[in-house]
Amino acid sequence: MRLTSAHKFAIGIVVLVVLVFTAGTLLHNARMGRETAAEETKAATPETGDQPQVQVSLTPEGIHPYSVRVRGRTEAARTVSVRSETAGIVAATPAMEGAFVKRGTVLCRLNVDAREASLAQARAAVRSRELTRQATEELAARGYRSPTQVLQDQANLDSARAALRQAEIALEQTNIRAPFDGVFDRRDAEVGSYLAPGQPCGTLIELNPLLVVADLPETEAGKFKVGAEAVATLVTGETLTGTVRYIARDADPQTRTYRVEISAANPRLIARSGLSADVRVSAGEGPAHLIQVSSLVLDSAGRQGVRYVDDGNVVRFAPLTLIEETAAGAWVAGLKGAVRIITVGQSYVAEGQKVVATPARGGGAS
């Protein structure tokens, strides 16, 4: 049978209808498969809604030494104005300004004037009294002198010896000496100056040990104890170690602060008096947490702390006190027990918000 144009057209229509029907069936099956897969995924995944995701690190509680940081300054342990005990003209100034001197070093020397002659006269008087007493004792032994005469000569000898001692002291007082080891910081008298009793030769300061003093606020004074170890970092870069030797019991009425003194060894006299210092004083040991510095945030009140998640994955905020910052992180106080601290995303969540917590990369637990 020969196909006509009408037959060909009818066959084409049938083929087209079959193709359209087949394509619709395939598209419907594919859509149904996608919907089924989505429903299965939804059933297998817990509902999170709009909860943000954060990374947390499980931080255990440890024990760490506490310390209190204050600003301080160095001071000489002793500052003495060395004064003359007698009157005279300054004849010499052997000690140089700024030089370290040992105890007993002559700082200023006065003219001896007639003091040497007085000393020689006193020595001669003692020798004469000794001879007189000796002769009297010999005569008394023979019965030519009374016991009273012997006692009188002994008294005269004692008086002569006292006068000799006075002459020796008067001569020695012309040498104005250093009362302790220290630095002759300033000379107040020059050669030719007249010094009356009580007038200064110069100023002597003790720099070893060196004092580091600070003014403690009322909230910190109770944390310090006499004998506590302390480290002072000076503005020049030097570091001094010492112990607390004094804590004031009475506050300054103007500043309401308490003075604390730290005695620190300064054997090479590198540190000077009057330098600013950053002082860290040990205050015992206590619970602390080692955290990443990047985890620290500020709350709405401006307090520094960390955000963490509780057992219900709710964000909480804990204000912290910085104890010490090290290369491994910051030791802080204010947390209790093991805490899941938010290390990623802490700046984008708020206290009381529920989140999805996952372990931080490189460690931690959720």
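1. First, the terms: two strands count as paired if DSSP finds at least two bridges between them. Strands (E, at least two residues) and helices (H or I, at least four) are DSSP runs, numbered from the N terminus. With that in hand, Tyr246 has Glu261 in S12 as its bridge partner.

2. Some housekeeping. This is a predicted model, so local features need pLDDT of at least 70 and side-chain atom pairs count only at pLDDT 80 or more, while totals for chains, interfaces and linings use all residues. Residues are numbered from 1 along each chain as its sequence is written, and side-chain values use heavy atoms, with hydrogens and water left out.

3. S11 and strand S12 (residues 258–264) run antiparallel and are joined by five bridges. The loop between S11 and S12 holds Arg256, which has a positive phi of about 60° despite not being a glycine. For context, most residues other than glycine have a negative phi, and most peptide bonds are trans.

4. On its other pairing, strand S11 (residues 239–247) runs antiparallel to strand S10 (residues 229–234), again with five bridges. Val231 has Thr241 in S11 as its bridge partner. The hairpin of S10 and S11 has four residues between the strands, and Gly237 there takes a positive phi near 105°.

5. Another hairpin to look at is S15 with S16. Strand S15 (residues 304–309) and strand S16 (residues 315–319) run antiparallel and share five bridges; Val306 is partnered by Ala318 in S16. Five residues lie between the strands of this hairpin, with Asn313 at a positive phi near 60°.

6. There is also an open sheet of four strands in the order S6-S5-S3-S8, with antiparallel pairing. Strand S6 (175–177) and strand S8 (194–195) are the edge strands, each pairing on one side only. Strand S3 (residues 88–92) is antiparallel to S8 and joined to it by two bridges, and Gly88 stands opposite Leu195 in S8.

7. Now the helices. The axes of helix H2 (residues 115–142) and helix H3 (residues 147–172) come within 8 Å and cross at roughly 165°. Axes here are lines fitted to C-alpha atoms, for helices over the stretch in contact, and angles run from 0 to 180 degrees between N-to-C directions. H2 and H3 are therefore roughly antiparallel to each other (the cut-off for that label is over 145 degrees). The residues of their contact divide into 13 nonpolar, six polar and ten charged. Nonpolar covers Ala, Val, Leu, Ile, Met, Phe, Trp, Tyr, Cys and Pro, charged covers Asp, Glu, Lys and Arg, and the others, Gly among them, are polar.

8. Pro209 lies in strand S9 (residues 200–216).

9. Last, the rings. The charged end of Arg78 sits over the ring of Phe180, 4.1 Å from its centre; the criterion is NZ of Lys or CZ of Arg within 6 Å of the ring centre and within 35 degrees of the ring normal.

Technical notes:
Parallel < 35°, antiparallel > 145°, perpendicular 65-115°, else oblique.
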